Amino acid sequence: KQNYSKRKRKHKITWNRSRGSKLKDEVASIQNLQQAYNSIDASKVNSFKDFPLSDKTLKGLKECGFMKPTEIQQESIGLSLRGLDILGAAKTGSGKTLAFLIPVLEALYCKQWTRLDSVGALIITPTRELAYQIFETLRKVGRYHDVSAGLIIGGKDLHFEKKRMDQCNIIICTPGRLLQHMDENPLFNCSNLQILVLDEADRCLDLGFEATMNSIIENLPPKRQTLLFSATQTKSVRDLARLSLKDPMYVSVHEHAK
Ligand code: ADP
Ligand code: MG
């Protein structure tokens with residue numbers, strides 16, 4: 001019996017030690033990543049590996065076949081990783097989804113977010129179809145990260161029960177359904193929000209969501225990072241930018257004439 005408990009104790013110590021050193025390695029690698037953010041030179045980025053990204057994200061990107069960043073990704077990801085607010089202008093099809101999903105995953109990773117934590121990121125997009133596409137990309141690219149994702153969209157396609165939403169770390173939603181959810185579900189808590197993404201902001205406004213977006217933004221904690229992407233820069237987009245962004249970096253990607 002004595003032998004057994006000795007063995008057990010020994011095992012326990014070894015386990016604690018290896019877990020401790022694993023945590024230490026992770027903290028060290030996060031510090032290395034964060035130190036490298038300030039020296040990113042977008043013009044020298046040819047592959048996602050040239051960005052200081054976690055192994056989890058690099059592995060997810062590689063498995064999806066994403067090797068070389070598109071222009072908007074190349075220009076904006078370095079700034080987003082540094083925690084700056086972004087006003088991004090780029091056309092449909094330019095790769096905006098990864099331009100915000102990568103910084104979202106890295107921000108939560110660096111803050112050592114886990115499934116036990118609350119909502120860390122909100123991604124607002126104009127339609128259910130776009131929300132679903134973002135969700136699918138996140139599921140694939142973010143599969144090695146220890147965070148959960150959920151959709152809040154209208155119609156019959158509700159993918160999660162209401163009560164479970166407050167347990168998701170990354171929420172992808174349409175504006176109307178999100179505001180309704182904020183009003184109706186007392187468990188839904190965004191007070192720890194780290195990063196807000198406004199995707200296709202011009203289309204959200206064209207669909208008549210201006211007042212809804214304003215109410216949502218007023219209900220979110222001001223100490224957060226915000227990434228706003230829009231294909232066009234109308235007056236109402238500039239108004240929304242003024243309301244939601246702090247000292248934003250303007251990143252604009254133009255198509256070259258053929
Ligand atoms: P946007 O949101 O700007 O309209 P998406 O993010 O939906 O564009 O991307 C458009 C398409 O380009 C998608 O099919 C996506 O998988 C692909 N794509 C995005 N980034 C890359 C990349 N770095 N390498 C290869 N394909 C990419
Ligand atoms: Mg898009």
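This is a predicted model: local features need pLDDT of at least 70, side-chain atom pairs count only at pLDDT 80 or more; totals for chains, interfaces and linings use all residues.
Residues are numbered from 1 along each chain as its sequence is written, chains are lettered from A and ligands numbered from 1 in the order in which they are written, and side-chain values use heavy atoms, with hydrogens and water left out.

The protein chain contains 10 helices and seven strands, which are DSSP runs numbered from the N terminus (helices being H or I with at least four residues, strands being E with at least two). Of its 258 residues, 48% count as buried, where buried means under 20% relative accessible area, exposed means over 50%, and partly exposed lies in between (1.4 Å probe, protein chains only). Among contacts (heavy atoms within 4.5 Å) between residues at least 6 apart in sequence, 73% join residues at least 24 apart.

Ligand 1 is surrounded by 14 residues, the closest being Lys 68, Gln 73, Gly 93, Lys 96 and Thr 97, and a residue is near the ligand if one of its heavy atoms lies within 4 Å of it. This shell divides into four nonpolar, seven polar and three charged residues, with Ala, Val, Leu, Ile, Met, Phe, Trp, Tyr, Cys and Pro counted as nonpolar, Asp, Glu, Lys and Arg as charged, and the others, Gly among them, as polar. Helix 4, spanning residues 96–110, gives the most to the shell, with three residues. A polar side-chain atom of Thr 97 lies 2.7 Å from an oxygen atom of ligand 1, while a polar backbone atom of Gly 95 is 3.1 Å from an oxygen atom of the ligand. A nitrogen atom of ligand 1 is found 2.9 Å from an N or O atom in the side chain of Gln 73. Taken alone, ligand 1 exposes 560 Å², and the protein buries 64% of that area.

A polar atom of the Thr 127 side chain lies 3.2 Å from the backbone nitrogen of Leu 130. Leaving aside neighbours within four places in sequence, Thr 127 is in contact with Thr 174, Arg 203 and Leu 207.

Asp 146 belongs to the loop between helix 5 and strand 3 (149–152), and its relative accessible area of 37% makes it partly exposed. When neighbours within four places in sequence are left aside, Asp 146 is in contact with Trp 113, Thr 114, Arg 115 and Asn 169. With Arg 115, the contact includes a polar one between the two side chains, at 3.1 Å.

Ile 40 lies in the loop between helix 1 (2–37) and helix 2 (55–63). Not counting residues up to four places away in sequence, Ile 40 touches Val 45, Phe 51, Pro 52, Gly 78 and Leu 81.

Note on methods
A polar contact is a pair of N or O atoms within 3.5 Å; within protein, one must be able to donate a hydrogen and the other to accept it, and residues adjacent in sequence count only if both atoms are side-chain atoms. Accessible areas come from the Shrake-Rupley method with a 1.4 Å probe; for residues, only the protein chains shown count as cover.
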